[in-house]
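Subject: The structure I promised you

Hi,

Here is the structure we talked about, so please open it before you read on. My notes on what turned up follow below it.

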Amino acid sequence: MVTRLVLVLGDQLSEGLSALRAADKDRDIVVMAEVAEEAGYVPHHPKKIAFLFAAMRKFAQRLQDAGWRVAYTRLDDTDNSGAICGELLRRAAEHDATGVIATQPGEWRLIGALSEMPLKLHIIRDDRFIASADAFEAWAKDKKQLRMEYFYREMRRKTGLLMEGEQPAGGKWNYDHDNRKPAPDDVKFEGPLMFEPDNAVEEVLDLVAARFGGNFGALRPFWFATDRDQALAQLDHWIKGGLTEFGDYQDAMLADRPFMYHSLISLYINAGLLDPLEVCQKVEAAWQAGKAPLNAAEGFIRQIIGWREYVRGIWYREGPDYTRRNILNHSNDLPSMYWGAPTDMRCISQTVAQTRDQAYAHHIQRLMVTGNFALLAGIDPWQVHEWYLAVYADAYEWVEAPNVIGMSLFADGGIIASKPYVSSGNYIDRMSDYCGGCAYKVKDKTGPKACPFNLLYWHFLIRHRDRFSSNPRMGQMYATWDRMDVERRKTVLRDADTFLAKMQAGDRI
Ligand SMILES: Cc1cc2nc3c(=O)[nH]c(=O)nc-3n(C[C@H](O)[C@H](O)[C@H](O)COP(=O)(O)OP(=O)(O)OC[C@H]3O[C@@H](n4cnc5c(N)ncnc54)[C@H](O)[C@@H]3O)c2cc1C
Ligand code: SF4
């Protein structure tokens with residue numbers, strides 16, 4: 001029988017992966033490769049690269065222990081061709097293989113490259129996602145607007161999670177209303193488990209320091225889990241200590257508590273170390289055992305079987321050009337403060353510093369601080385997309401692009417968000433402790449010390465009045481503007497223009 005190659009990518013580290021299930025241990029060879037092309041198409045955070053290489057090496061060992069033959073390429077191997085397709089061709093020649101079995105990748109770039117290879121390719125659906133592309137299409141096809149909430153209800157019915165027969169547990173599908181508490185004075189949860197690097201991880205850290213040390217981001221201290229057992233330990237640790245308050249403080253931000261009550265598991269789920277359904281079942285079990293309130297369990301499960309599945313469906317449905325969408329024609333350059341240049345905006349400097357140190361920021365920091373600013377300031381969505389893809393340890397195109405291009409920047413014209421997620425400084429002030437120590441004044445609406453979010457909020461709404469004034473959810477904002485004194489309106493727009501000119505000139509803002 002002819003040998004086939006079984007491709008396992010860095011975000012496919014699951015023993016139950018569909019490609020592995022379709023293969024034969026006695027006949028086929030697993031191909032895994034650390035390649036420059038994948039590590040370098042955006043300047044990934046060093047912690048992200050180290051996490052993936054370390055987790056890949058440990059997973060390869062696990063497969064070998066389970067009886068698989070694994071052809072593993074290390075980044076510094078002399079015959080490393082530098083690309084996934086190059087490695088497949090090299091291994092095909094070595095083993096006389098003509099076919100490749102692969103689970104569908106989560107990047108269009110890679111899907112395109114694989115399909116052009118002169119090898120027989122068998123791509124299998126990634127069934128670690130609960131909704132297949134066909135199921136998502138069947139749900140989406142006749143709808144004018146694709147609202148996550150309705151998709152989520154389908155997923156609840158399909159999985160049976162938090163269901164009492166046909167009805168949602170507790171009588172309501174969604175407890176978000178209870179989940180918007182401002183930042184507490186103190187956070188009781190101590191944060192994620194931090195794992196001491198073992199020798200295998202240390203070896204990877206040295207490699208990454210030598211090859212990617214110049215990328216934005218601190219490599220050390222490195223504390224991520226790098227295998228399934230550690231990832232499971234983190235999940236259990238968070239369910240015990242963080243889940244109870246997760247719902248209440250999901251949107252809150254505190255300068256010295258980067259992790260708040262968040263689970264820090266997206267990087268592990270996305271790489272395949274944890275299964276999304278098992279994660280939700282454990283959270284449901286905690287609620288059933290009386291160890292977590294319903295608003296927390298529901299809020300969390302909605303993020304995974306709702307948002308996570310929904311963005312995957314949108315990404316696949318919208319196709320390869322999605323990352324290039326720019327319906328609002330925004331073209332300003334991403335300011336250097338996103339790469340750590342000094343800024344007087346405390347909310348941005350805190351979020352960026354945390355991103356630099358941990359390759360992590362939680363949802364509201366990504367959406368309402370860095371995302372909100374990028375949208376209000378008219379930054380080119382492609383540049384914003386590349387930044388998010390590079391700096392977060394959990395970022396892969398299928399999940400990052402819908403969140404950035406769609407949810408955060410409205411660059412897809414409203415496929416994901418029914419209205420742009422924009423706010424003045426008031427929202428950040430209410431949900432965080434950032435504003436107190438900021439050089440700008442959140443209460444100032446005009447003048448040199450006015451919070452930039454206050455100025456840009458109106459500038460954005462007026463720039464795009466034609467598009468948004470008829471949106472029923474935005475009428476109130478335009479009515480407020482129209483009631484404002486004419487001179488005040490002129491001052492707001494003039495001060496916003498001055499701020500944007502400064503930003504575009506590369507001056508400190
Ligand atoms: C602009 C922007 C960019 C984002 N980029 C990414 C990204 O590249 N990769 C990524 O995994 N998530 C991304 N998200 C979603 C979300 O911010 C992260 O999943 C979350 O912050 C991860 O941290 P956590 O594990 O502590 O999550 P928690 O707050 O503990 O949430 C639990 C889980 O829910 C899932 N989840 C929550 N929200 C979303 C969402 N909107 N889309 C998909 N899954 C979600 C994640 O798996 C997460 O682990 C982005 C959100 C925004 C607004
Ligand atoms: S005042 Fe404005 S810029 Fe400063 S931290 Fe608050 S929201 Fe951010």
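Let's begin with a loop: proline 221 sits in the one between α8 (199-212) and α9 (228-241). What kind of peptide bond joins arginine 220 and proline 221? It is a cis bond, with omega at about -5°. Keep in mind as you look around that this is a predicted model.

There is another backbone detail to look up, this time at aspartate 96. You'll find this residue in the loop between α4 and β4. Its phi is positive, about 55°, even though aspartate 96 is not a glycine.

Now for the sheet. As a reminder, strands of a sheet pair through backbone hydrogen bonds, and they can do so in a parallel or an antiparallel way. Here, 5 strands make up an open sheet, and the pairing is parallel. Going across, the order is β3-β2-β1-β4-β5. Which strands are at the edges? They are β3 (69-73) and β5, each of which pairs on one side only. On average, neighbouring strands of this sheet are turned by 25° against each other, ignoring direction.

You can check two of the pairings yourself:

- β2 (residues 29-33) runs parallel to β3, and the two pair over 5 bridges.

Follow the chain from β4 through α5 to β5 and you have a β-α-β unit, which is right-handed.

Helix α5 (residues 108-115) also meets helix α4 (residues 84-95): their axes come within 9 Å and cross at roughly 35°. As α4 passes α5, the crossing is right-handed. Which residues make the contact? From α4 they are Ile84, Cys85 and Leu88, and from α5 they are Leu110, Ala113 and Leu114. Sorted by class, that gives 6 nonpolar residues, no polar ones and no charged ones.

Last stop: ligand 2. Click on it and look for the residues around it: Met345, Cys347, Gly425, Ile428, Tyr434, Cys435, Cys438, Tyr440, Val442, Cys451, Pro452 and Phe453. Two helices, α18 (425-431) and α19 (452-463), each supply at least two residues of this shell. How does the shell split by class? It has 11 nonpolar residues and 1 polar residue, with no charged ones.

That's the tour. Write back if you get lost anywhere.

Cheers

How values were computed. Residues are numbered from 1 along each chain as its sequence is written. Chains are lettered from A and ligands numbered from 1 in the order in which they are written. This is a predicted model: local features need pLDDT of at least 70, side-chain atom pairs count only at pLDDT 80 or more; totals for chains, interfaces and linings use all residues. Side-chain values use heavy atoms; hydrogens and water are left out. Axes are lines fitted to C-alpha atoms, for helices over the stretch in contact, and angles run from 0 to 180 degrees between N-to-C directions. Helices (H or I, at least four residues) and strands (E, at least two) are DSSP runs, numbered from the N terminus. A crossing is left-handed if the near helix is turned anticlockwise from the far one by less than a right angle, and right-handed if clockwise. Contact means heavy atoms within 4.5 Å. Ala, Val, Leu, Ile, Met, Phe, Trp, Tyr, Cys and Pro count as nonpolar, Asp, Glu, Lys and Arg as charged, and the others, Gly among them, as polar. A crossover is right-handed if, with the strands pointing away from the viewer, the path from the first strand over the helix to the second runs clockwise. A residue is near a molecule or strand if one of its heavy atoms lies within 4 Å of it. Two strands pair if DSSP finds at least two bridges between them.
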